[in-house]
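Take a look at the model below. The questions that follow go through sheet, domains and chain contact.

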Amino acid sequence: MVWKLFRPLLLCTLGVCVGLLANVRAMAAPETARATIVRAILTTDDAQKRAIINSLIGQGDEAIREVFTAWRQDNLYVYSAPGGAKVPVELTGDKDAAGTQAAVRVDTGEPLKDAAGQPLRLVAKQLTAVEHDAGLRRAMKNVVDLLDLGSPLPAKRLRAVQTIGFAQKADKLPALEARAGLETDTEIKKELKEAIALIHLADSDDGVKIKALAELQELHNSSSYDLINALKVKAETGGKPAVVAAANAALVAIENHRSVVKFFGTLFRGLSAGSVLLVVALGLAITFGLMGVINMAHGEMITVGAYATYITQNVFGEGMHFTLPFIKVAIHLPGLHLTGWAYQLYFVAAIPVGFLSAALVGIALERSVIRFLYRRPLESLLATFGVSLILQQLFKLTFGSNNVNVDSPVYLSSNWTVFDVTFDWNRVFVIGFAAVIVFGVWLALTKTPLGLLIRCVMQNRMMASCMGVRTERVNMLTFGLGSGLAGLAGVFVTQLGTVGPSMGQEYIVDSFMTVVVGGVGSIFGTVVSALGIGLADQSLQQILLNPVLGKILVLLAIILFLQWRPTGLFAARSRSLD
Amino acid sequence: MITKFSKLLSVGALALVALVAAARAADTVKVGVLHDLSGTMAISETSLRDILLFTFDEINAKGGVLGKKIVPVIVDPGSVWPIFAEKSKQLLEVDKVAVTFGCWTSVSRKSALPVFEKDNGLLFYPVQYEGEEESQNVCYTAEAVNQQAIPAVDYFIAQGKKKFYLIGTDYVYPQTTNLVLLEYLLSKGVPLANIGGGYKKDGSGKIISAGKYTPFGHKDYQQIIAEIKDFASSGDACVISTLNGDTNPPFFKEYAAAGLTADTCPVVSYSIAEDEFRSLPAKDLVGQIGCWTYFQSIDSPENTKFLADFQAWLKTTTADGVVKEGRVVDSPMVLSYDGVYLWKACVEKAGSFDVDKVRAAWKSGVSFVGPGGKVTTQPNMHLTKTVYIGESKADGQFKILKTFPDVYGEPHLKGTFKAKE
């Protein structure tokens with residue numbers, strides 16, 4: 001009985017002693033966050049406890065979160081060591097048969113050890129639980145909320161600043177202002193300014209509000225729009241014209257900024273959508289445009305490239321095995337088991353693999369089917385359509401009817417944000433990729449001996465043949481080149497969507513449309529038409545806010561355009577049109 | 001003489017065969033399986049056929065239903081919706097099955113429904129759907145909107161989300177679900193301005209469509225993602241997606257590339273379960289939310305046993321076309337499994353295979369403790385069951401975040417939520 005009365009007193013005295021000691025230590029060297037928390041635990045006065053906890057604000061030590069979580073979940077206890085010292089511990093892990101748990105010292109984060117250096121296991125019931133009340137919990141939450149402000153990771157700091165700003169709690173203001181003095185990252189600095197202004201918005205004084213609105217107007221950040229709007233509505237009903245005017249000015253600034261961002265964003269998205277079209281249609285511009293083969297299996301050449309990427313990815317990773325249908329040959333590809341950057345390079349390796357495999361399939365197709373049908377375009381349409389169906393079933397039998405997944409490498413799955421316009425790396429990549437391929441095709445057609453042969457055979461086969469050109473061989477290589485380009489497109493489209501047996505079908509209509517609008521036989525026309533269609537599609541989507549209507553309008557415009565100019569943008573003479 | 005004898009013999013043999021057949025017919029019961037095994041839906045529905053065969057084998061091994069062994073009659077409508085009506089007719093009028101398990105898409109269900117109503121058949125339907133239907137000839141083991149869409153929205157509201165972006169594939173299920181969700185959000189005090197994706201009004205000013213829609217197989221989500229990014233810049237937004245299977249990879253790849261994450265703007269997807277996950281970029285989906293009445297990761301003795309038994313069955317089965325490797329289990333599969341057991345329980349309670357008696361037993365409330373927890377039949381032909389919210393992990397499984405036990409299945413939700421003034 002007496003002990004029960006005395007215990008709090010004793011604890012109190014001890015706590016103060018330890019606290020004093022800790023203070024002395026703190027003067028000698030900066031006190032760790034854990035030590036501060038121990039001091040708070042052993043202090044008996046609630047107000048003092050809160051003060052000590054609040055002193056942690058602004059620190060970025062992750063241990064704070066850990067210990068506070070344990071505290072709030074009732075996992076902290078005070079252990080009385082044999083010498084009489086009070087050691088706060090956290091009990092963790094499962095209870096064993098005797099009800100004991102592993103104990104971790106709060107002050108060091110290390111396991112609690114007895115005199116012999118053996119880890120001690122303790123029973124919760126025999127220890128003094130560390131209590132907490134609503135006031136303490138609030139104080140702890142406050143510290144944890146602000147914890148990320150001091151985090152060494154900029155992304156975490158940014159997020160913390162935003163969260164605090166949107167919450168508009170005036171008590172966080174000192175912490176933000178303190179951070180603003182220390183912060184070096186320009187983006188976070190801007191965000192801090194915004195957060196401080198947002199908190200000022202909730203101030204009761206109109207003068208502060210108007211000043212904050214002016215600040216937000218200058219920052220014109222999209223994220224503050226909702227809060228300003230809410231304030232404006234409130235000010236309107238409250239009859240405060242000055243605040244309404246300031247809010248309106250800020251809203252207009254944000255809207256102007258938004259429309260600029262939208263404009264450049266749409267421009268960029270249009271270019272990238274056009275580049276995807278271009279990459280997908282360029283192969284067809286050769287096989288259909290130059291050679292005049294209505295190749296319905298063009299989409300399947302894209303699929304070949306995509307599956308080649310899938311296989312390359314697996315070879316870089318764990319390896320794979322599949323069985324070729326009909327001949328029942330099991331193919332086992334051993335994996336290279338690469339990790340990290342070496343693995344991420346699979347996409348670079350897939351580019352030549354995709355090109356070559358599609359080119360080989362294309363050459364096989366030309367040798368086996370198309371070469372017999374050069375003079376019969378309608379029959380080549382039917383035959384290649386059949387080939388397309390056969391290839392789709394072969395993919396299905398080899399790789400299964402489920403779609404497969406190709407990972408995005410790290411260097412294609414992030415973005416640059418310049419003045420709030422997002423430039424996705426995969427989109428930037430496709431624009432560059434398209435430029436390189438077009439340049440490569442132009443070089444190949446105009447600066448190489450093969451290019452010369454291709455052009456002369458396409459212009460006048462009989463004459464070329466008479467001059468001793470092996471037209472059969474040139475046909476084969478040209479078709480291989482076109483198919484290879486489709487394969488390259490396949491490598492890229494794995495970064496945009498699914499890889500499945502019938503994925504080629506999604507691209508075939510777009511490809512023909514692009515080539516026909518550009519003018520059959522003109523590579524330059526294909527480039528212009530692809531970019532034009534891409535830009536028109538994205539702008540209409542932006543204006544109509546509806547992806548389907550935009551596409552319909554583009555198709556309508558194309559039909560009308562082809563009525564007016566059936567030969568497309570750039571009419572070229574080619575053998576098929578003779 | 002010889003001919004007479006042989007005649008007699010053959011007659012005897014025939015009689016014997018007839019007798020054996022009759023005896024066999026007496027201790028078997030025919031059950032229809034109406035799932036697409038070819039065409040576009042085959043990818044999803046073949047799994048349901050497999051789980052049904054497994055369940056029938058499991059029940060037969062324990063003595064069947066009312067002492068009769070289940071004999072499945074499997075038909076394949078080939079993903080052609082009108083064929084569902086034809087095949088239903090065959091099952092009900094030619095094969096005279098006692099019950100049918102089948103359908104995935106809402107349009108296939110709507111096609112089969114008139115036949116089941118005319119011939120008074122019984123169809124068990126296991127896939128999450130848009131509600132607004134309550135046929136006396138369908139046992140909806142599927143999730144109703146309030147057993148999937150609404151709990152997920154509640155979860156986001158509890159997480160402090162204030163803005164909701166609705167996006168879906170353009171067909172009946174997403175359109176209806178989003179309309180209900182719009183009403184629900186408005187009733188929770190979310191202003192219309194905070195519901196993203198836009199809306200359409202008819203002449204009288206009534207909202208007839210809410211959210212952004214893309215067609216099947218849409219590939220280019222740049223513009224929509226840019227819109228979502230702007231929408232989510234205030235840090236308290238989330239996305240509610242009813243996008244259909246193959247539009248998910250382009251959506252999530254674009255989403256990840258634009259720098260959006262589950263941290264900044266989480267997405268709940270109503271049509272991604274463990275089975276669909278196999279062909280999705282898992283890395284881009286980590287931390288996103290799923291909401292179903294079953295997850296493979298549920299830690300219960302029933303689920304552990306179910307998973308082990310199914311894997312064991314896969315190893316030994318001789319049924320045609322069952323893929324044996326890399327199999328996972330998801331909610332529609334488990335609801336098919338539960339459906340068979342509920343039918344068995346109803347038949348046993350009724351003491352008969354008669355559709356009217358089985359339906360009466362269903363309406364009286366029958367329970368079964370399945371892999372996803374206890375399910376109980378309701379008078380409105382739906383099920384009371386436990387709803388789980390899970391967070392996707394890199395291995396394609398879900399970590400369960402929240403459990404809502406015993407949620408009553410309510411099909412008629414349109415117009416029930418009143419906006420706050």
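Q: At about what angle to S2(B) does H2(B) run?
A: H2(B) lies across S1, S2 and strand S3 (99–102) of chain B. Helices (H or I, at least four residues) and strands (E, at least two) are DSSP runs, numbered from the N terminus. Axes are lines fitted to C-alpha atoms, for helices over the stretch in contact, and angles run from 0 to 180 degrees between N-to-C directions. Relative to S2(B), H2(B) runs at about 165°.

Q: Which strand does helix H3 of chain B run at about 180° to?
A: This is a predicted model: local features need pLDDT of at least 70, side-chain atom pairs count only at pLDDT 80 or more, and totals for chains, interfaces and linings use all residues. Residues are numbered from 1 along each chain as its sequence is written, with chains lettered from A and ligands numbered from 1 in the order in which they are written. Helix H3 (residues 81–94) lies across S1, S2 and S3 of chain B. The strand at about 180° to H3 is S1(B).

Q: Why is one side of S2 and of S5 of chain B left without a neighbour in the sheet?
A: The open sheet has 5 strands in the order S2-S1-S3-S4-S5 (chain B), with parallel pairing. Two strands pair if DSSP finds at least two bridges between them. Strand S2 (69–75) and strand S5 (138–140) of chain B stand at the edges, so each has a single partner strand.

Q: Which residue in S2(B) stands opposite Val33(B)?
A: Strand S1 (residues 28–34) of chain B runs parallel to S2(B), and 7 bridges join them. Opposite Val33(B) stands Ile74(B).

Q: How far apart are the C-alpha centres of the two domains of chain B?
A: Domain 1 covers 30–144 + 298–385 and domain 2 covers 146–297 + 388–407 of chain B. These bounds come from an automatic or database domain assignment. The C-alpha centres of domain 1 and domain 2 of chain B lie apart by 28 Å.

Q: Which element gives the most to the side of chain A that touches chain B?
A: Here 35 residues of chain A are in contact (C-beta atoms, placed from the backbone, within 7 Å) with 32 residues of chain B. Elements giving two or more residues to this side of chain A include helix H6 (154–167) and helix H16 (425–447). The most, 4 residues, comes from H11(A).

Notes: Contact = placed C-beta atoms within 7 Å.
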